[in-house]
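Here's a quick briefing for anyone opening this structure for the first time. Have a look at the picture, then work through the points below.

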Amino acid sequence: MVLKTILAAGACKIARRVLHLTGRGGTTVPGRIAMAIDRDVLTASARGMHIVLVTGTNGKTTTSRMIEKGLSLAGEACLLNRSGANLLPGITAEMACNLSRMGKPRADWAVVECDEGALHLVTARIKPDVIIVTNLFRDQLDRYGEVMHTREEIREGIRLSPESLLCLNADCPLTATAAEGLSNPVLYYGLDVPAGEQGERELSDARYCMSCGGELVYDAYTYAHLGAWRCPSCGRRRPRPDVAVIELPESQGSRTFHVTMRLGEQEHKARVGLPAIYNLYNALAAVCVGKALGMPEKPFLDAVASAEAAFGRMESFTVGKCEIQVILVKNPAGCSQAMAYIAGTDRAYGVAFCLNDKIADGTDISWIWDADTEKIVCDSKRRSLWAAGTRAEDMQLRLKYAGAREDEIHLERDYGRLLEDMANKEERVFILPNYTAMLEIRQVLAKKTGGEAFWKG
Amino acid sequence: MTIRICHLYPDALNLYGDRGNVLCMQKRLLWRGIRCEVDSLKIGETKSLSGYDIFFMGGGQDFEQEVLLRDLGSQNGQSIRTAIEDGKTFLCICGGYQILGTHYETKEGRRCGFLGAIDLYTTGGDKRLIGNYAYRLEEPSGTETVVGFENHSGRTYLGKGVKPLGHVLKGFGNNGKDGTEGVRYKNVFGTYSHGPVLPKNPVLCDRILSTAIHHKYGEEELLPLEDAFETAAHAKMLHRICKS
């Protein structure tokens, strides 16, 4: 180990502690300091480690947590960039702080959640054993341009790590074909059965074949543009998954899934500890990683069964007599899915939409018009509606055009007052924040509930 | 009274919030007791466009626009040009706006022929022009401000004598240089503003609706609507943009 690396890691740890003591959770600065001292600190810190990298538009955090749990249950010491710092400096900080004073990694394994745009920067420095691409949706367009551009960036990232085994979502045509022409070995995962609403999508991020431009045909849908896709003009089609859900009973509890999974040719009864179809995909990805690593399936099946809500993703709280569930929404696909889940619950409910437009959220919020907000606004079980966040006015406008009366929509800028308002409600309340709004709400919620009075979904 | 809206190529041009514009026109007609029918023309379809009053064309990704260009070479391209010359009302945004021009020239110098309905063209640029922006409408479109979000790498230049929709107050507009934003030709409204543009700019939406109603029925008085939410969202964003 080079002295420079040990110094860089030391400086990174000190910077992190100082920031922590001064009440700031900064993850970028320590990583930058480490990189300034040793340009190759990430490469050096990862030496000898096994790395599983998770990228894609939606589901990165939840999938990463499931994989980390699976590896831990399999008896491996495992690191995870938990804080959601998934750009190069954040990942660097996490890995550098893992080094002992002698410069040896303390954990043998790392699960790295990696932003799609940062993938090529990371794989230029470390070569993961496995790379998972969860899915591709339009997301934060102002930062990256377009879905196709993001897909190219991911391909570039994979190209830099030709030995990595890929786990790709078979049901997402943009993802399943993302490694075409590259030499990496691939495992696919997907749903062999339809789920949710069928019928042609009005909006789709993947209407045309990536290779020939022909219009894709779907024999079944699962959600958004995911499903059993094929291209009649060139013959490309959804690859047969190596890990699949083959049975999905129609009536499911609101908090868990009971399904049958196929791993290779073997069938297993499986439980997924989180609701909504997209979590089923996250679970499949995690189980697929276990298979890719050649590990026994049990720890990974156990990990998805006991999966807990990640930071702001389906977390539940009680405030006063009100049961509150927080679901992070960042893009139209995720938001429509969350709303489909809410509309599918069986009791009266209220919904608060908290929309910020800070850099981390994407400053373009026009995607709210692509989400199926009508599904909630026009649902007979829907009661209160709130709009909050730096773009609350745009949100209340969206709710109005979705069919709500102006006097039904409450604009509330102060999260403390918002929660007080909710505390008096008879109905269950869902809070749908985007990223920085989620961080703000969580802080207020933690204060209100003493930081512990929440139970896990 | 019935206004028929045709959403052109919703399958390819629907990049960000575009359907919010159609929803906005539809609701603002319905709230005034005017019937509104919404239909669409998809890639590969051919149908007569003569029965529609308002055409909407949104933005798309480069990849999807390539698929679309093939279709515009067919009868559909001619039908769209005819509808424009006949004085039908058009709202075209971003990619949909660029397509009205004669051509697009990529950074590498490759030239793609476009519809050629209006004398304007677009060239590819290195830096994407991104952000909240504001412009002031110019006659004959009114004099109000419009707020929106722009995100384009193309730079659009209007031909001699071709009127812009407005002039930029803050932001980039057509090309970041000449201060123009969008195009106004016959009854065509072209702009780079997505956001979507209409819900937060009810004056512009009503101008488009009244243009179509006037063309069809010879009258254009629209009943006023309670626009408290619309005005609040507009004012908030305008304030932020001008402050920055």
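Where in chain B is Lys186(B) found? Lys186(B) sits in the loop that runs between strand 11 (183–185) and strand 12 (188–191) of chain B. Keep in mind that this is a predicted model.

**Backbone details in chain B**

- Lys186(B) has a phi near 45°, which is a positive value in a residue other than glycine.
- With a relative accessible area of 42%, Lys186(B) counts as partly exposed.
- Tyr9(B) is another non-glycine residue with a positive phi, this time near 50°.
- You'll find Tyr9(B) in the loop between strand 1 (2–8) and helix 1 (18–30) of chain B.
- Tyr9(B) is buried, and its relative accessible area is 0%.
- There's a cis peptide bond going from Glu139(B) to Pro140(B), with omega near 10°.
- Pro140(B) belongs to the loop between strand 7 (120–137) and strand 8 (145–158) of chain B.

**A buried histidine in chain A**

- His225(A) lies in the loop that links strand 7 (217–223) and strand 8 (226–230) of chain A.
- Is His225(A) buried or exposed? His225(A) is buried, at a relative accessible area of 2%.
- If you skip its neighbours within four places in sequence, His225(A) is in contact with Leu136(A), Phe137(A), Asp171(A), Cys172(A), Pro173(A), Leu174(A), Ser204(A), Asp205(A), Ala206(A) and Tyr218(A).

**One side of helix 3 in chain B**

- In helix 3 (residues 75–85) of chain B, the buried residues include Asn76(B), Gly77(B), Ser79(B), Ile80(B), Ala83(B) and Ile84(B).
- These residues span an arc of only 165° around the axis, so they are on the same side of helix 3 of chain B.
- As a bit of background, an α-helix has 3.6 residues a turn, so residues three or four places apart point the same way.
- Just after helix 3 of chain B comes Gly87(B), with a positive phi of about 85°.

**Helix 4 and helix 11 in chain A**

- Helix 4 (residues 60–73) of chain A and helix 11 (residues 298–305) of chain A have axes that come within 8 Å and cross at roughly 135°.
- That makes helix 4 of chain A and helix 11 of chain A oblique to each other.
- The crossing of helix 4 of chain A past helix 11 of chain A is right-handed.
- From helix 4 of chain A, Met66(A), Ile67(A), Lys69(A), Gly70(A), Leu71(A) and Leu73(A) meet Pro299(A), Phe300(A), Asp302(A), Ala303(A) and Val304(A) of helix 11 of chain A.
- Sorted by class, the contact between helix 4 and helix 11 of chain A has eight nonpolar, one polar and two charged residues.

**Helix 1 and helix 6 in chain B**

- Helix 1 of chain B packs with helix 6 (residues 202–217) of chain B at an angle of about 70°, and their axes are 10 Å apart.
- Helix 1 of chain B and helix 6 of chain B are therefore roughly perpendicular to each other.
- Helix 1 of chain B makes a right-handed crossing as it passes helix 6 of chain B.
- Cys24(B), Met25(B), Arg28(B) and Leu29(B) on helix 1 of chain B meet Pro202(B), Cys205(B), Asp206(B), Ile208(B), Leu209(B) and Ile213(B) on helix 6 of chain B.
- By class, the contact of helix 1 with helix 6 of chain B has eight nonpolar, no polar and two charged residues.

Notes: Residues numbered from 1 in each chain as written. Chains lettered and ligands numbered in written order. Predicted model: local features only at pLDDT ≥ 70, side-chain atom pairs only at ≥ 80, totals over all residues. Heavy atoms only, no water. Axes fitted to C-alpha atoms, helices over the stretch in contact; angles between N-to-C directions. Helix = DSSP H or I, 4+ residues; strand = E, 2+ residues; numbered from the N terminus. Parallel < 35°, antiparallel > 145°, perpendicular 65-115°, else oblique. Left-handed = near helix turned anticlockwise from the far one by under 90°. Contact = heavy atoms within 4.5 Å. Nonpolar A, V, L, I, M, F, W, Y, C, P; charged D, E, K, R; others polar. Buried < 20%, exposed > 50% of the residue type's maximum accessible area, 1.4 Å probe, protein only. Arc of directions from axis to C-beta.
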